[in-house]
Amino acid sequence: YKSSLEDLVKRSGSSFVQFKGLCPPEDIFKDLDIFIHGALKPEPFGRVVVEAYMGGAALISTGLGGSGELIEDGKTGLLFIPYDYSGLFECVQKLSSEKRFEVIQNGRNKADEINRVYLEQLCSIF
């Protein structure tokens with residue numbers, strides 16, 4: 001799969017895509033302006049969404065599964081319908097404006113809230 005992606009990038013002539021291997025999530029998300037979570041199958045929790053929030057990346061997602069429960073469309077991220085490329089493009093356009101900074105801050109606040117609730121639940125169990 002990786003070699004297919006590398007070939008696709010090579011054929012596109014893009015210099016924006018880099019394959020850096022295994023990295024801690026905070027190293028990945030801190031350098032992103034926009035993170036596109038294009039899941040086509042529902043994920044149970046959406047951990048990558050929380051990691052993107054914590055890293056300060058503006059988030060665009062299909063919102064399938066747990067990610068749809070974590071993202072407040074238009075506030076903490078933007079949602080698009082899978083395979084709706086013009087909808088995805090509209091989301092990218094929105095986050096290429098001043099709105100991006102509002103979405104990033106709201107996402108960080110949401111990550112803090114999720115961590116607080118998760119920690120409280122763990123403490124009550126133990």
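## Second largest pocket

The second largest pocket holds about 310 Å³ of space. The model is a predicted one. Helices H2, H3 and H6 (99–125) each give two or more residues to the lining of this pocket. H3 supplies the largest share, five residues.

The lining includes Pro-25, Phe-29, Phe-45, Val-50 and Met-54. Also among the lining residues are Arg-47, Glu-51, Ile-114 and Tyr-118. By class, the lining has seven nonpolar, two polar and three charged residues.

## Largest pocket

The largest pocket contains about 830 Å³ of space. H1, helix H2 (25–29) and E1 each give two or more residues to its lining. In total, 18 residues line the largest pocket. Nearest its centre lie Val-17, Gln-18, Ile-28, Leu-32 and Phe-35. The lining divides into 13 nonpolar, two polar and three charged residues.

Three strands form an open sheet in the order E1-E2-E3, with parallel pairing. Strands E1 (34–37) and E3 (78–79) are the edges, and each pairs on one side only. E1 and strand E2 (residues 58–61) run parallel and are joined by four bridges. Ile-36 has Ile-60 in E2 as its bridge partner.

Helix H3 (residues 47–55) lies across E1 and E2. H3 runs at about 175 degrees to E1.

## Glu-6

Glu-6 sits in helix H1 (residues 2–12). Its relative accessible area is 34%, so Glu-6 counts as partly exposed. Ala-57 is 51 residues from Glu-6 along the chain, and their C-alpha atoms are separated by 23 Å.

Methods: Residues numbered from 1 in each chain as written. Predicted model: local features only at pLDDT ≥ 70, side-chain atom pairs only at ≥ 80, totals over all residues. Heavy atoms only, no water. Buried < 20%, exposed > 50% of the residue type's maximum accessible area, 1.4 Å probe, protein only. Pairing = 2+ DSSP bridges. Contact = heavy atoms within 4.5 Å. Axes fitted to C-alpha atoms, helices over the stretch in contact; angles between N-to-C directions. 1 Å grid on protein atoms, 1.4 Å probe; cavity = no way out; pocket = protein on both sides within 12 Å on 5 of 7 lines; lining within 4 Å. Points joined across faces, edges and corners; volume = space filled by probe spheres on them. Nonpolar A, V, L, I, M, F, W, Y, C, P; charged D, E, K, R; others polar.
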